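Subject: Structure for your files

Hello,

Please find the structure below, followed by notes on what was found in it.

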Amino acid sequence: MRLEHDTTGAVFAALADPTRREVVRLLAERPGLTASALADELPVTRQAIAKHLAVLHDAGLAEVEREGREARYRLTPAPMADAMAWMASTGARWDERLARLHERL
Amino acid sequence: MQLHEEAGAVRRETLLPVPREEAWAAVCDDDWLGLEREERRAVDEEVVEGRRLSFTWDGDDGGRTLVDITLDDAEDGTRVTVVELPLVTLRAVGASVAARAADGPRMLACA
C-alpha cells in the first residue's frame, strides 16, 4: 500500500494555486503553448510561469516538447483522473464508516 | 479556513440522533475506527474533548492524510463532519495562504 510518492497529494497541491489552474485551463484549450505565450495570457511574469510549469510537470500533469528554441507544453491529465478516483473511493469509505457509526448507537 | 473539493479535501457529514456526549463516546470508541487507526498508523494531532478529533494516518494511495472529525450540536442530535485530505496538499494550501498574507506586515508562518 505504501508508495514512494504521494501522487494524489501532489496533484491537488499543484491545483491549489489559482494561477496554475489557469495554466491547466489554457493548456487544455490550446495544447502546445509556450511559456512565453502563457505569460502573455496571464498577469504573471515568465519566471513565475516557468515555476508553475515545473510544479505541474513534477505532479505529472504537464509534459514538455522541445521544438526549436522554445519548449511547448501539453497537459497530461491522467493523474487528475487518479486524484478524482481517490476522492471518490475515500469518500465512499467514509460513507461506510459513518454508516457503521450509526449502527453502533 | 474552509477546505473544499477543489483543494482535494474529501468531506462527509452525518446526523447522529443522540446528544453530543454520546456521539463523542461513539466516535472515540475503539470498536469504530480502532483497528483501522492501528493499521494506518494513526497519530493524534488535536483532541478537543466532545468537539474535535484530528489525526494523520496512511491514506488509500500510500500518502499520509489528515483526518479531521468535528461534532456540532444540531436540532435533532449531533452533526458529525469528517474532512480528509493529503498532507502534501494541506502544506501547499497553507503555503499559498501564507504567501498571499505576506502583503501585510512581515509575519512568520509555519505551513
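**Notes on the two chains**

In chain B, 42% of the contacts between residues at least 6 apart in sequence join residues at least 24 apart, where contact means heavy atoms within 4.5 Å. This is a predicted model, in which local features need pLDDT of at least 70 and side-chain atom pairs count only at pLDDT 80 or more, while totals for chains, interfaces and linings use all residues. Residues are numbered from 1 along each chain as its sequence is written, chains are lettered from A and ligands numbered from 1 in the order in which they are written, and side-chain values use heavy atoms, with hydrogens and water left out.

Chain B has three helices and five strands, in the order β-α-α-β-β-β-β-α along the sequence. Helices (H or I, at least four residues) and strands (E, at least two) are DSSP runs, numbered from the N terminus. Of its 111 residues, 43% count as buried; buried means under 20% relative accessible area, exposed over 50%, and partly exposed in between (1.4 Å probe, protein chains only).

**Cores**

A nonpolar core is taken as a set of buried Ala, Val, Leu, Ile, Met, Phe, Trp, Tyr and Cys residues joined through side-chain atoms within 4.5 Å. The largest one has 27 residues, and the members touching the most others are Val23(A), Leu27(A), Leu38(A), Ile49(A), Leu53(A), Leu56(A) and Leu61(A). Elements of chain A that supply two or more residues to this core include helix H1 (7-15), helix H4 (46-58) and strand E3 (70-75). H1(A) gives the largest share, five residues. Leaving aside residues up to four places away in sequence, Leu27(A) touches Leu33(A), Leu38(A), Leu53(A), Tyr73(A) and Leu75(A).

**Interface**

The contact between the chains involves 29 residues of chain A and 43 residues of chain B. The size of an interface is often given as the accessible area lost when the parts come together. Chain A and chain B bury about 3100 Å² between them, 62% of it on carbon and sulfur atoms; buried area is the accessible area (1.4 Å probe) that two parts lose on being put together, summed over both.

H5(A) packs against helix H2 (residues 30-39) of chain B at an angle of about 145°, with the axes 10 Å apart. Axes are lines fitted to C-alpha atoms, for helices over the stretch in contact, and angles run from 0 to 180 degrees between N-to-C directions. On H5(A) the contact uses Trp94(A), Arg97(A), Leu98(A), Arg100(A) and Leu101(A), and on H2(B) it uses Trp32(B), Leu33(B) and Glu36(B).

**Salt bridges**

A salt bridge here is a side-chain nitrogen of Lys or Arg within 4 Å of a carboxyl oxygen of Asp or Glu. Glu36(B) pairs with Arg97(A), with the closest N and O atoms 2.7 Å apart. Glu36(B) counts as buried at 16% relative accessibility, and Arg97(A) counts as buried at 3%.

Within chain B, Arg52(B) and Asp68(B) form a salt bridge with the closest N and O atoms 2.6 Å apart. Arg52(B) is partly exposed at 25%, whereas Asp68(B) is buried at 14%. Through shared partners, salt bridges also join Arg93(A), Arg97(A), Glu36(B), Arg40(B) and Asp60(B) into one network.

Regards
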